[in-house]
Amino acid sequence: MNKLTPQPGIMDITLYQGGAAHVKGVSNVIKLSSNENPYGPSPKAMEAVRDSAALLHRYPSTNHAPLRAAIGEVHGLNPDQIICGVGSDEVLQFVVHAYAGPGDDVIYTRHGFSMYPILARMVGATPVQVDESERKVDVDAILATCSERTKVVFLANPANPTSTMLAEGEIARLADGLPPQAILVLDGAYAEFVEGFDGGAALVAARDNVIMTRTFSKIYGLGGMRVGWGYAPQDIINVLNRIRQPFNLSSTALVAAEAAVRDRDYVEHCRAENTRLRAWLAGELAEAGVPSDTSCTNFILARFADQTEAEACDAYLQSQGLIVRKVAGYGLPNALRITVGDEDGCRRIAEAVRGFKAGQA
Ligand SMILES: Cc1ncc(COP(=O)(O)O)c(C=O)c1O
């Protein structure tokens, strides 16, 4: 008999479900289930990837200095206070690994990103879920849940899958009210979709208990490359770097991300298209009788009468070659999360939802 015993918490982990990409027997499928950039990466990032092939026999940089310098330049941040990871998921993992363990609480909210409880369990900590208020993070509820066991508080702003966002003052109030041993993680995976938003960088600079994480997987269109980063006070970065593998990012990933972050025109174009098409699609859905909260992201959380209707619409969309995300696992059984695609993707979704609703009437 196998006597090997995994660490506490590990067998309680429910495996992460990625967004589906195929529908059996249907061609011309559009994947709108993973909040990816419908336009792909910057052409400059693709060129950097091609150029990197000749040097693949060399180990990559271990300190990621050129990428951190580029991020620092573009975002106006001190590169020394930046750490890069295999997607922002890895940076989130560094935080729980470094600051939480058995007997500690990791707080996340009712509709929070599904990796948060997984990460807590990975290190044997207890994931503690806090209620939201009408699909919006409730700062008072989080503060009321904090205790001497609280070590990490995860908050995506804007949030996935709700697409809602807290104002900077609310986040500051949360950071100020946390117990001294707790670190606040501001997950800014969707920050670039909010014009002029710094993702919480100013809050990091003004406090010693806040880290901001960002990703190249969303607006930069590099989900397949797996690059993310974090910005935190120097003390925290010095801790996290001790548990980061020296060669966590490939040389190809490093140059792709550097080229992507420097291509500001491309990011601006993607943001503008997302803003335009998101407003159009939300309006079309509302007209068809499918409301949504004002989205601050690159997806819309479309609400239906109940779970039965949401599931029926999902099945209908699939039959039309449109893959969106069911979010019952996030406590939102009557909703579907729809990534804002390109013009064609948005038109097809609007038309299909209208067709579905007409069939229901
Ligand atoms: C809120 C949020 N945080 C973090 C991530 C992880 O992104 P990545 O690991 O690709 O950087 C995602 C991806 O969907 C997300 O939605």
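## Exercises: ligand site, salt bridges and cores

Of the 13 residues around the ligand (a heavy atom within 4 Å), S88, D187, T215, S217 and R226 come nearest. Keep in mind that this is a predicted model, where local features need pLDDT of at least 70, side-chain atom pairs count only at pLDDT 80 or more, and totals for chains, interfaces and linings use all residues. Residues are numbered from 1 along each chain as its sequence is written, and side-chain values use heavy atoms, with hydrogens and water left out.

**Exercise 1.** Work out which ligand atoms pair up with S88, D187 and K218.

*Solution.* We're after polar contacts, meaning pairs of N or O atoms within 3.5 Å; within protein, one atom must be able to donate a hydrogen and the other to accept it, and residues adjacent in sequence count only if both atoms are side-chain atoms.
- Step 1: start with S88, where a backbone N or O atom sits 2.6 Å from a ligand oxygen.
- Step 2: go to D187, whose side chain has an N or O atom 2.5 Å from a ligand nitrogen.
- Step 3: finish with K218, which places a side-chain N or O atom 2.9 Å from a ligand oxygen.

**Exercise 2.** R226 is among the residues that come nearest the ligand; find its salt-bridge partner and say what the pair ties together.

*Solution.* A salt bridge here is a side-chain nitrogen of Lys or Arg within 4 Å of a carboxyl oxygen of Asp or Glu.
- Step 1: the partner is D89, with an N to O distance of 3.9 Å.
- Step 2: D89 belongs to helix α3 (residues 87-99) and R226 to the loop between β9 (210-215) and β10 (228-231), so the bridge ties together parts 137 residues apart in sequence. Helices (H or I, at least four residues) and strands (E, at least two) are DSSP runs, numbered from the N terminus.
- Step 3: check exposure, where buried is under 20% relative accessible area, exposed is over 50%, and partly exposed is in between (1.4 Å probe, protein chains only). D89 is partly exposed at 24%, and R226 is also partly exposed, at 30%.

**Exercise 3.** Contrast the salt bridges of R173 and R207.

*Solution.* 
- Step 1: R173 pairs with E170, the closest N and O atoms being 3.0 Å apart. Both lie in helix α6 (residues 168-177), 3 residues apart, about one turn of the helix.
- Step 2: R207 pairs with D176 at 2.8 Å, N to O.
- Step 3: D176 is exposed, at 55% relative accessible area.

**Exercise 4.** Describe the largest nonpolar core, then look at L184.

*Solution.* A nonpolar core is a set of buried Ala, Val, Leu, Ile, Met, Phe, Trp, Tyr and Cys residues joined through side-chain atoms within 4.5 Å.
- Step 1: this core has 54 residues, and L184 is one of those touching the most other members.
- Step 2: its largest share, 7 residues, comes from helix α9 (residues 251-262).
- Step 3: L184 touches residues including V153, L155 and I171, leaving out those up to four places away in sequence (contact: heavy atoms within 4.5 Å).

**Exercise 5.** Is C313 buried or exposed, and what does it touch?

*Solution.* 
- Step 1: C313 is in helix α11 (residues 307-319) and is buried, at 0% relative accessible area.
- Step 2: leaving aside neighbours within four places in sequence, C313 contacts F304, L336, V353 and F356.
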